[in-house]
Amino acid sequence: MALNPLFMQFVWRWNLQIQILFCFKNAFNNISRRHFLDIVKTDFPDIYNFINFCYGGISDLQWLDYIINSEVGSQQGDPLGPLLFALVLHCFVKVLQQLCHFSLWYLDDGNLIVNKSQLTEVIKVLQGNEATEKGLFLNLSKCFIYSANLPEWASSIKYFDPECGKEKIVPSGNSGTVVLGTPIGSQKFVDEFIQQEIFLPLEKLLENMKLLKDSHTEFFLFRNCATFCKISYLLRTLPPSQGVFLMNGYESRMKGFLKHLVKIHHELPELSWFQAGLQFRLGGVGLKIARQHHEAAFAASLIQCKFWLIKVCSDKVKLAVENLISQFTTSLRSQFPANFPDSETISNACITQQPLQKCFSSCIDEHLLETTLSNPELPSREKARLRSVSSENAARWLSAAPNTRSFKYFEDNQFSALLRYWLGIPIFNKDCRCKCGETVDCFGDHAITCKSGGGPIHRHDLIRDALFDLCNTAGLSVSKELSGYEAGKKDRVGDIVLHHFDHGREKLIDVTCWSPLYSPRIQHSADSAQYIVNEAHTFKMKSRKANNEGKIQTSKGMLAFMPFACSSLGTLSPEGKSLLQAIAFEMSLKHNSPKSLCLSKIYTRISTSIQQGNGFCLVNKMTDLKIFYSSNLQY
Ligand SMILES: [Zn+2]
């Protein structure tokens, strides 16, 4: 889809001839069924019977008490619908290719490059009897003639409008045009389009979203519906030199909404906004577009489309495409030397049309994060936090769809508090004193570990229940909090008992969750996110007096024991990960679904339950100490 706008970008730059956009009335709904059935019969005989079954007869559409016969058009929602439409249109496209310099179509959206006599011919073909017979009705009032140097004749092309019975003029202009949602033309034209078509609807959407008054749902909609797709499409089709207004405007709106979600009125801390710009995988929310991302996205789409661009364009355009690709990739490679694909990979990708955008963005984000982490002035706590939130699968909770039935829902205050904790935005006033006697720090680190109020125990139980549910779903024989395994004075030795797991015997699992931001451990956590989970694991093994084989003494003899160690920011111990892998394996067998999908569900559930526990700790401390979080804004 990016091909058409990209191509037209080049056309615009070289001031080629007149360009016209074509539009049909109710294109898909009017197409003749008899004609596409004929084409399918000759060109795709294998699916003819099926298509004939779907479209061969007249079907009934019911409206109130009326029955309307459905006789023309491909059905809405039919995955084959666009193909069937395109088959009929293709007969005409073949003719048009002979008639004009250039004709490029994306379904019913056509872009033609023509001179005056060619345009007259084209209109004749598309308005002719054959076209109307096949269900194509040219809508000249919605066509658009464009050229940077528009000749006089172009603004006087007339057509007959049967509705008012008068002759009218086909719209035309010289400031710019829109190809498949991408504005092409002067900077002013592009910026006005972005303001009208992107920013105004986005603002309206964000304002309406605030009415939900539920930060988790708002966040989910914000992240999945708030024009993210449109923006990433524009990054791929709009040259970076024209993208300043788009990026600044988009960024300021994203920032504003994030402030609303975390309930603050003042500026976000710089580091928090930096983090929010990173991708989910690295602990961010993917909100900011760095200039480099625009270059990378545009270069990636040029690489992907190069094969076709050079096939259909003149040598001048070919050279320009090659220059742009090399200019952007060289610049990006020098800025992000680690992992950026080498020239060979890129020339291969040009041939295979491989999508590289994800790979480029990861390179950029990883580099930006690494640079921030290696800054000697970054406080250890922030370093430890960034390391943990960017550890593997830690940030899964952020992409979970809010759903109470699958235990993936955060209440309004909980979600806002968590988002602050995650992004390093202060939560409490510095001078708060906790009931346990210690000081409650503004970032919430004390609240996450303070035993008064039962927060950590509740978090532990949530993680244990999540593990238990997952084992059950995977069809494993499992019990929780089972007594009868007493060893010495302890009444239980594992939170969860997996029966028939260790060569037909029980395996005991004990959940443990430590905070990497607990002050005595911060220095180590700043160096590695794994430190805390390894410590927690070793501590549990020692305290349960596990032997070299990882077995412990119970009243039922020596049984396999394993701590499920995680950090409060979502890092998992290697042993914990391998347990989840094993559960995913069983789950994929039982439900006959791909293991990667099961694993992804499992990680999301675990990550969510850890954060639900944290949310409880934070909100509990707020209500306990009577700190009202929305009004607590100064720091
Ligand atoms: Zn406390």
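What you're looking at is a predicted model, where local features need pLDDT of at least 70 and side-chain atom pairs count only at pLDDT 80 or more, while totals for chains, interfaces and linings use all residues. Residue numbers start from 1 along each chain as its sequence is written.

Back to that pair. The axes of H13 (residues 291–312) and H16 (residues 357–373) cross at roughly 160 degrees and come within 9 Å. These axes are lines fitted to C-alpha atoms, for helices over the stretch in contact, with angles from 0 to 180 degrees between N-to-C directions. On the H13 side, Gln-292, His-293, Ala-296, Ala-297 and Ala-300 make the contact, and on the H16 side it's Gln-357, Phe-360, Ser-361 and Ile-364. Being in contact means that two C-beta atoms, placed from the backbone, lie within 7 Å. By class, this contact has five nonpolar, four polar and no charged residues (Ala, Val, Leu, Ile, Met, Phe, Trp, Tyr, Cys and Pro count as nonpolar, Asp, Glu, Lys and Arg as charged, and the others, Gly among them, as polar).

Now zoom out. The chain has 25 helices and 16 strands, which are DSSP runs numbered from the N terminus (helices are H or I, at least four residues; strands are E, at least two). Its C-alpha trace spans about 95 × 55 × 55 Å along the principal axes. Of the 635 residues, 40% are buried: that takes 20 or more other C-beta atoms within 10 Å, while 12 or fewer means exposed and anything in between partly exposed.

The largest nonpolar core has 78 residues, and Ala-299, Leu-302, Ile-303, Leu-418 and Leu-618 have the most contacts inside it. H13 gives the most to this core, with nine residues. A core here is a set of buried Ala, Val, Leu, Ile, Met, Phe, Trp, Tyr and Cys residues joined through C-beta atoms within 7 Å. Beyond its neighbours within four places in sequence, Leu-302 is in contact with Leu-6, Val-321, Leu-324 and Ile-325.

Leu-418 and Leu-618 turn up again where H19 (residues 412–423) meets H25 (residues 595–624). Their axes are 9 Å apart and the angle is about 100 degrees, which makes H19 roughly perpendicular to H25. Among the other residues in this contact are Ala-417 and Tyr-421 of H19 and Gly-615 and Val-619 of H25. The tally is five nonpolar, five polar and no charged.

Two loops are worth a look too. Leu-64 is in the one between strands S2 and S3, and Asn-393 is in the one between helices H17 and H18. Neither residue is a glycine, but each has a positive phi:

| Residue | Phi | C-beta neighbours inside 10 Å | Class |
|---|---|---|---|
| Leu-64 | about 50 degrees | 5 | exposed |
| Asn-393 | about 65 degrees | 19 | partly exposed |

Lastly, is Ser-103 buried or exposed? Ser-103, in strand S4, is buried, with 22 other C-beta atoms within 10 Å. Among its contacts beyond four places in sequence are Val-93, Leu-96 and Leu-112.

Key
Angles under 35 degrees count as roughly parallel, over 145 as roughly antiparallel, 65 to 115 as roughly perpendicular and the rest as oblique.
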